[in-house]
Amino acid sequence: MYRIVRKEQLSEEVFLMEIEAPMIARERKAGQFVIIQKGGDYNERIPLTIADADPERGTITIVFQRVGASTYLLAELGEGDAFENVLGPLGTPTHIENYGRVVCVGGGIGVAPLFPIAQAMKAAGNDVRIIIGARNRELIIEEDRMRTIDPDLTIVTDDGSYGEKGVVTVPLERMLSEGGVDHVVSIGPAIMMKFCTKTAEKYDVPITVSLNSIMIDGTGMCGGCRVDIGGEMKFVCVDGPEFDGHLVNWDNLMMRQRTYKAQEKEDYDKCRGGICGKLGLR
Amino acid sequence: MKTPDMIEKEAREVLASMPETLSPKDRAAIPHMDMPTQDPKERIRNMSEVALGYTEEEALVEASRCLQCKNKPCVAGCPVGIDIPGFISRIAEKDYSGALSVIQCSSLLPSICGRVCPQENQCQKFCTVGKMKKDVDQAVGIGRLERFVADHEAESASVPEVAPETGKRVAIVGSGPASIACAADVRRAGHSVTVFEALHKMGGVLSYGIPEFRLPKRLVEKELSKLEAMGIRFERNVLVGRTRTIRELMEEDGYDAVFVGTGAGLPKFMGIPGEDLVSVFSANEYLTRSNLMKAYDTEHSLTPYFHSHRVAVFGGGNVAMDAARTALRLGAETVDIIYRRSREEMPARKEEIEHAVEEGCNLRLLSQPVEILGDENGIVKGVVIRRCELGEPDASGRRSPVEIPGSDYTVDYDTVIVSIGNASNPLIKKTTPEIETNRRGNFIVNEETCETSLKGVYAGGDIVLGAATVILAMGQGRKAAAAINEYLKAGK
């Protein structure tokens with residue numbers, strides 16, 4: 001069992017959990033993910049990027065958003081509760097090198113997995129600039145920790161309730177147009193990563209993105225996470241999750257992410273309505 | 001089709017009129033007992049086992065059909081060499097625990113192999129009764145009898161004895177049939193055994209792949225609990241190659257030998273346009289959702305599944321049949337199994353094809369999918385199919401399909417399940433490059449010992465054979481175990 005030692009609600013729908021998983025905490029590298037499963041015999045396996053790890057305490061940190069019944073169930077768990085299953089670390093670690101100047105762009109809950117990458121980029125000697133964005137002030141997460149890496153980080157909200165009003169590509173474009181940017185890393189909703197890629201393309205700057213696709217086993221067995229990378233079929237779980245943004249077929253990725261959207265929405269509404277009987281919830 | 005009641009009645013009548021002593025001619029005249037099954041109309045609405053198993057009377061009749069041939073041709077057809085006439089004669093004597101003991105000398109998992117072995121290509125293919133009748137379907141129902149014995153003696157099956165602890169430690173990677181067989185034999189020799197499984201349930205393909213209606217999971221759990229009772233440790237949620245590498249297991253964690261039984265777990269796709277559409281699934285994904293994550297049990301499980309109406313399954317193997325029949329049970333209105341050769345060439349077991357057809361799956365034969373069409377939301381709306389005809393036999397010995405130009409037509413579907421086979425998972429190869437593999441990524445091993453090119457590391461099952469069968473995997477697991485026990489005795 002993998003015990004939850006800390007839980008924080010970061011915003012209405014976003015939760016952070018620190019989980020006991022000593023072996024994963026020791027082995028994981030920036031950019032890797034875990035698959036968690038609650039329920040043992042029943043229920044699905046959920047891939048989540050590792051936001052942080054503490055090898056001394058033997059813990060890893062995950063951040064997730066409540067979108068369907070399964071994540072609703074996760075959010076109901078508290079400190080002291082446990083997951084039956086946590087598998088990892090999965091995926092190929094982020095390629096870290098001293099590029100020179102790296103801009104890290106995080107959107108929504110993508111900011112959480114961006115933290116260890118920004119940290120590793122900094123440690124490798126890069127001049128790291130950070131942009132974080134969300135729909136509104138309430139949804140901005142991890143600002144304090146990100147500031148430890150880039151004290152002058154840029155914040156953007158769709159409604160202007162905090163930081164600049166607009167989308168992350170505006171400050172990204174500004175930085176790129178000023179020149180001197182050697183690499184971009186972008187993690188967030190697919191649509192955001194798509195537009196970050198288009199922006200980077202304009203300035204001919206390489207961009208690394210971290211894809212979040214439908215996945216079951218995380219070991220290369222199901223093929224559910226297949227994506228089109230430069231015309232070749234790749235599996236996010238073993239070949240990724242990070243890819244060269246310029247090679248990603250974004251429209252196909254976004255289309256496939258919607259496979260269970262209708263059911264997710266229906267289940268979520270049921271849960272909110274308090275009739276998710278099989279969860280044993282009120 | 002005979003109902004279970006009809007078969008039972010027939011068995012009683014045959015038994016009542018059977019003489020005390022039977023001549024070979026009498027035996028050959030005894031009718032073959034059909035396997036009682038759930039009614040097809042009923043069973044597609046549940047996940048319970050399709051084949052119900054012989055009653056005692058049915059087993060006694062079927063056992064009396066065995067001629068007890070001196071040369072035992074059936075045994076030569078069994079990959080693990082079970083003394084088949086030996087266990088069948090004990091059934092005829094109603095000594096069921098004796099029959100189980102005979103099987104257990106050679107096979108660890110009779111309740112599983114009795115259900116999933118392709119007997120018509122193995123033991124039953126060589127059965128004299130079948131040869132006499134010029135029909136392999138008339139051979140003695142060896143698999144059914146094996147299952148009967150295992151089920152009848154399910155409660156009394158004992159835990160194998162374990163030799164005194166040797167202090168040597170063996171890591172087994174993966175928990176499917178090859179690993180189970182290897183783990184048991186290594187443990188019996190007194191070595192400490194830890195089995196590492198990446199998924200959250202043990203059993204490999206027995207758990208995630210083969211559906212409940214063909215292999216009830218309680219049987220798999222029961223077999224696994226026997227291993228635990230022997231003192232074998234199970235470590236779930238460990239992906240060797242990521243959580244730990246083979247080298248770390250041996251150099252840091254102190255394992256003296258490693259067995260790799262990671263199977264063929266990399267789904268193949270056709271490489272045709274449209275395979276990246278939304279409702280296109282590999283059979284692995286489709287089956288894992290249903291079997292491992294219990295999507296079919298909507299009462300208890302939160303696992304979503306795609307609600308299909310018209311399903312196309314590409315492929316003609318057992319996995320394709322499993323996927324097609326699972327789709328029916330998940331509520332599909334029509335299921336077409338699209339295969340490029342004819343029914344005779346289908347690699348699936350005959351019984352699985354028959355069951356699929358009985359349940360309403362439609363075989364679309366001599367048909368090659370060439371494109372999957374999608375709607376504006378990326379959901380499948382149809383498949384373009386090209387007609388084929390049979391040409392000359394190819395390397396597999398089966399007549400090869402030849403596409404007929406200009407014969408394309410389109411059929412409406414909303415879901416496609418691709419089930420054209422699996423390649424070996426590249427993860428261990430990638431993280432342990434010292435292990436030699438062939439062009440297909442299968443591990444190259446010494447045929448006698450199953451040892452890989454890395455000292456102390458052995459491999460067996462589909463990771464060596466490519467996609468094969470449960471019983472062949474078990475056979476390799478046992479062979480490797482014998483070699484590992486020798487290796488450890490020799491003190492490295």
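This report walks through the aromatic rings of a predicted model and the interface between its chains A and B.

## Aromatic pairs in chain B

Let's start with the rings. A pair of aromatic rings is described by the distance of the centres and the angle of the planes. Over all chains, the count comes to 6 aromatic pairs. One of them joins B:Phe196 and B:Tyr255 in an edge-to-face arrangement, with 6.0 Å centre to centre and 85° between the planes. This pair links distant parts of the chain, 59 residues apart: B:Phe196 belongs to strand β2 (residues 192-196) of chain B, while B:Tyr255 lies in the loop between α14 (246-251) and β4 (257-260). B:Phe196 counts as buried because its relative accessibility is 8%, under the 20% cut-off. B:Tyr255 counts as buried too, because its value is 6%.

A second pair to look for is B:Phe281 with B:Phe306, which is tilted, at 6.0 Å centre to centre and 55° between the planes. Here too, distant parts of the chain are linked, 25 residues apart: B:Phe281 sits in strand β6 (residues 280-282) of chain B, and B:Phe306 in the loop between α15 (283-291) and β7 (310-314). Both B:Phe281 and B:Phe306 are buried. Together with B:Tyr286, these two residues form one aromatic cluster.

## Charges over rings in chain A

The charged end of A:Arg66 is found over the ring of A:Tyr72, 5.1 Å from its centre. Likewise, A:Arg137 lies over the face of A:Tyr162, at 4.0 Å from the ring centre.

## Where the two chains meet

Now for the interface. The size of an interface is often given as the accessible area lost when the parts come together. Between chain B and chain A, about 4,000 Å² is buried, and carbon and sulfur atoms give 56% of that area. Three residues, B:Asn237, B:Arg242 and B:Leu302, supply 19% of what chain B buries against chain A, more than any other three residues. In terms of contact, 46 residues come from chain B and 47 residues from chain A.

How many salt bridges are there between chain B and chain A? The count is 1 salt bridge: A:Glu27 pairs with B:Arg244, and their closest N and O atoms are 2.6 Å apart. Polar contact across the interface involves 14 residue pairs. On the side of chain B that touches chain A, β5 (266-267), β6 and α15 are the elements that give two or more residues. Of these, α15(B) gives the most, with 4 residues.

Technical notes. Residues are numbered from 1 along each chain as its sequence is written. Chains are lettered from A and ligands numbered from 1 in the order in which they are written. This is a predicted model: local features need pLDDT of at least 70, side-chain atom pairs count only at pLDDT 80 or more; totals for chains, interfaces and linings use all residues. Side-chain values use heavy atoms; hydrogens and water are left out. Rings of Phe, Tyr and Trp (its six-membered ring) pair if their centres lie within 6.5 Å; planes under 30 degrees apart count as stacked, over 60 as edge-to-face and the rest as tilted. Buried means under 20% relative accessible area, exposed over 50%, partly exposed in between (1.4 Å probe, protein chains only). A charge sits over a ring if NZ of Lys or CZ of Arg is within 6 Å of the ring centre and within 35 degrees of the ring normal. Contact means heavy atoms within 4.5 Å. Buried area is the accessible area (1.4 Å probe) that two parts lose on being put together, summed over both. A salt bridge is a side-chain nitrogen of Lys or Arg within 4 Å of a carboxyl oxygen of Asp or Glu. A polar contact is a pair of N or O atoms within 3.5 Å; within protein, one must be able to donate a hydrogen and the other to accept it, and residues adjacent in sequence count only if both atoms are side-chain atoms.
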